Amino acid sequence: MPVLTEWRRVDVEGQPVGTRIMLVDATDRRSYERDLVAARERAEESARALKISEARLRDLNETVEARVVERTAALNQAHEQLRHAQKLEAMGTLTGGVAHDFNNLLTPIIGGLDMLERRGIGDDRAKRTIAGALASAERAKTLVQRLLAFARRQPLKPVAVDVAALVQGMADLIETTAGPQNEVRLHVDETTPRALADANQLEMALLNLAVNARDAMPGGGTLTRGVTFEANARGEAGAPRVRLSVADTGTGMDEETLARAIEPFFSTKGVGKGTGLGLSMVHGLAA
């Protein structure tokens, strides 16, 4: 028997968009309603899938944007490091050239003064003058050696060095350099193997670091030296490394000072209190 049936069409959001009233057979009506329910379920499922896809797309966009920002920051940092390296390389080239020429000039000066001192020429005043000039020339020679070390032109004589014994052997010198107001601590791994290095340059680097640490602790503090063996930390040649560290409890450096710490002649100390070559020499040796 035909019945009067009303259908309301709705969109994916469930909102009515139209109404249809007609006479249909009861069996057809039930079949049509089943089809309508199935169609509505499919529409709802499609709507849910669309929302999920939109959410995933938003997450993906946010992830991509975050990666772009991260990569851009890393690229900018790499460019900054490259500029800094190029700056130091150019400075090292200039410094090395000047130091090399200055060293050639110093050699005959030191030789002449040494000869005059050995011959005992002149009265006591002249002898004191010659001795003072020779001492100044020797200090200038040390300064040149630091410049050459920064410029990586200092001739190195790498041998198998017992770093632990070297550091322990400098204990008295480091304590004297640090001064009575500072506590000096030593942590040495006795099982540390020998390392390939220039012993004299290594001693000079350790002494420079101790002097800088002392100056960074005007009110007193603690200077710690450590020697450890890093079997799993591989260097450029793939060999294990020996780590020599020097730490202090001093004032530290702000970001601006840290960025220029290894530049030659840069120093936060007053006039006549430092050459600004300590850390640059250590950097040159390590490099």
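## A nonpolar surface patch

Leu57, Leu60, Val64 and Val68 make up a nonpolar patch on the surface, together exposing about 350 Å² of accessible area. Patches consist of residues with over 30% relative accessible area and no salt bridge, where nonpolar side chains (Val, Leu, Ile, Met, Phe, Trp, Tyr) are joined within 5 Å and like charges within 9 Å. Accessible areas come from the Shrake-Rupley method with a 1.4 Å probe, and for residues only the protein chains shown count as cover. Leu57 belongs to helix 1 (residues 26-119). The relative accessible area of Leu57 is 48%, so this residue is partly exposed (buried is under 20%, exposed over 50%, partly exposed in between, with a 1.4 Å probe and protein chains only).

## Basis of the model

This is a predicted model, in which local features need pLDDT of at least 70 and side-chain atom pairs count only at pLDDT 80 or more, while totals for chains, interfaces and linings use all residues. Residues are numbered from 1 along each chain as its sequence is written, and side-chain values use heavy atoms, with hydrogens and water left out.

## Overall make-up

The protein has 7 helices and 7 strands (DSSP runs numbered from the N terminus: helices are H or I with at least four residues, strands are E with at least two). Along the sequence their pattern is β-β-α-α-β-α-α-β-β-α-β-β-α-α. Of the 287 residues, 24% count as buried. The accessible surface comes to about 19500 Å², and 55% of this belongs to carbon and sulfur atoms.

## Nonpolar cores

The largest nonpolar core has 19 residues, of which Val163, Leu166, Val167, Ile174 and Leu223 touch the most other members. Among the elements giving two or more residues to this core are helix 3 (163-169), helix 4 (171-178) and strand 6 (221-234). Apart from it lies another core of 5 residues, including Leu113 and Ile130. A nonpolar core is a set of buried Ala, Val, Leu, Ile, Met, Phe, Trp, Tyr and Cys residues joined through side-chain atoms within 4.5 Å.

Leaving aside neighbours within four places in sequence, Leu166 is in contact (heavy atoms within 4.5 Å) with Val161, Ala199, Leu202 and Glu203.

## Salt bridges

The structure holds 4 salt bridges (a side-chain nitrogen of Lys or Arg within 4 Å of a carboxyl oxygen of Asp or Glu). One of them joins Glu45 and Arg48 at 2.6 Å, N to O. These two residues are 3 apart in helix 1, so about one helical turn separates Glu45 from Arg48.

Asp114 pairs with Arg118, their closest N and O atoms being 2.8 Å apart. Asp114 is partly exposed at 26% relative accessible area, whereas Arg118 is exposed at 69%.
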